[in-house]
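Here's a quick tour for someone meeting this structure for the first time. Have a look at it, then read on.

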Amino acid sequence: METQRSRNRKGAKRRRAQGNEQNRDAKKSKSEPPGSSFLEKMKARLSGGHFRMINEKLYTCTGEEALDYFKEDPSLFNVYHAGYQAQMSQWPEQPVHKIIEWLQARSPSLTVADFGCGDARVAKSVKNKVFSFDLVSNDPDVIAGDMSNTCLDSSSVDVAIFCLSLMGVNYPNFLKEAYRVLKPSGWLLIAEVKSRLDPKTGGADPNKFIKAVCELGFTQVSKEKPISKRKEIAWPELKPCIYKRR
């Protein structure tokens, strides 16, 4: 049987608990501006949407068109790379780290051309001489321009890198430029998103891609001597790496 006194005690406990909860809510509201969490989420969503828009643009235009796109508004390059880094942070392994490890295991005397260098991480991580190319330069060591037409002399570098950077619809022109600047027996390193070379998900046939690269004058281990008469190469269309829009 519940007495009046016990009911009064329970009521007092409930009031104290409610008071403590109100105090905690008041402290929380002072430390966090009203709606701050919502605003941060909205900013992140808008930033992600902007990145996906730019990303799709880069995959579906030529290198020259991409260069003009960023010339009109260079700030878009920073927006893109901020989104790119956010995406990369979710990957279990970074392709650029594998390329850096490959270079570090070889002679620092090898000269390198990094096509689509981004933040020039390769150049900052190895002792080699690295020519870093991208569409926009926010670093004095990065050369801005169209990757299909660089300032390098023919047969002047030992290693050419494309780390997630075969983005334009005219990507074969980038590889032809790499062939031009590479020395005989030079190395071509390509890292790409798996879905772009997976026929099961709409990507290109990897065997056809490798065949086209070899017909350009490469083997899977070195650059061959130039071929005097070259037939037209059947380059496969690489699937754009487009992120799902929210």
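Helices (H or I, at least four residues) and strands (E, at least two) are DSSP runs, numbered from the N terminus. This is a predicted model, where local features need pLDDT of at least 70, side-chain atom pairs count only at pLDDT 80 or more, and totals for chains, interfaces and linings use all residues. Residues are numbered from 1 along each chain as its sequence is written, and side-chain values use heavy atoms, with hydrogens and water left out.

Let's start with K183, which sits in strand β5. K183 is partly exposed, at 30% relative accessible area (buried is under 20%, exposed over 50%, partly exposed in between; 1.4 Å probe, protein chains only).

Strand β5 runs parallel to β4, and six bridges join the two (strands pair if DSSP finds at least two bridges between them). Across that pairing, F162 stands opposite I190.

| Element | Residues |
|---|---|
| β4 | residues 157-163 |
| α7 | residues 171-181 |
| β5 | residues 182-191 |

Now for the inside. A nonpolar core is a set of buried Ala, Val, Leu, Ile, Met, Phe, Trp, Tyr and Cys residues joined through side-chain atoms within 4.5 Å. The largest one has 34 residues, and V159 and I161 are among those with the most contacts inside it. Both β4 and β5 are among the elements that give two or more residues to this core. Apart from it lies another core of 26 residues, including A160 and F162.

Leaving aside neighbours within four places in sequence, V159 is in contact (heavy atoms within 4.5 Å) with residues including W102, L103, W187 and L189.

How values were computed. A crossover is right-handed if, with the strands pointing away from the viewer, the path from the first strand over the helix to the second runs clockwise.
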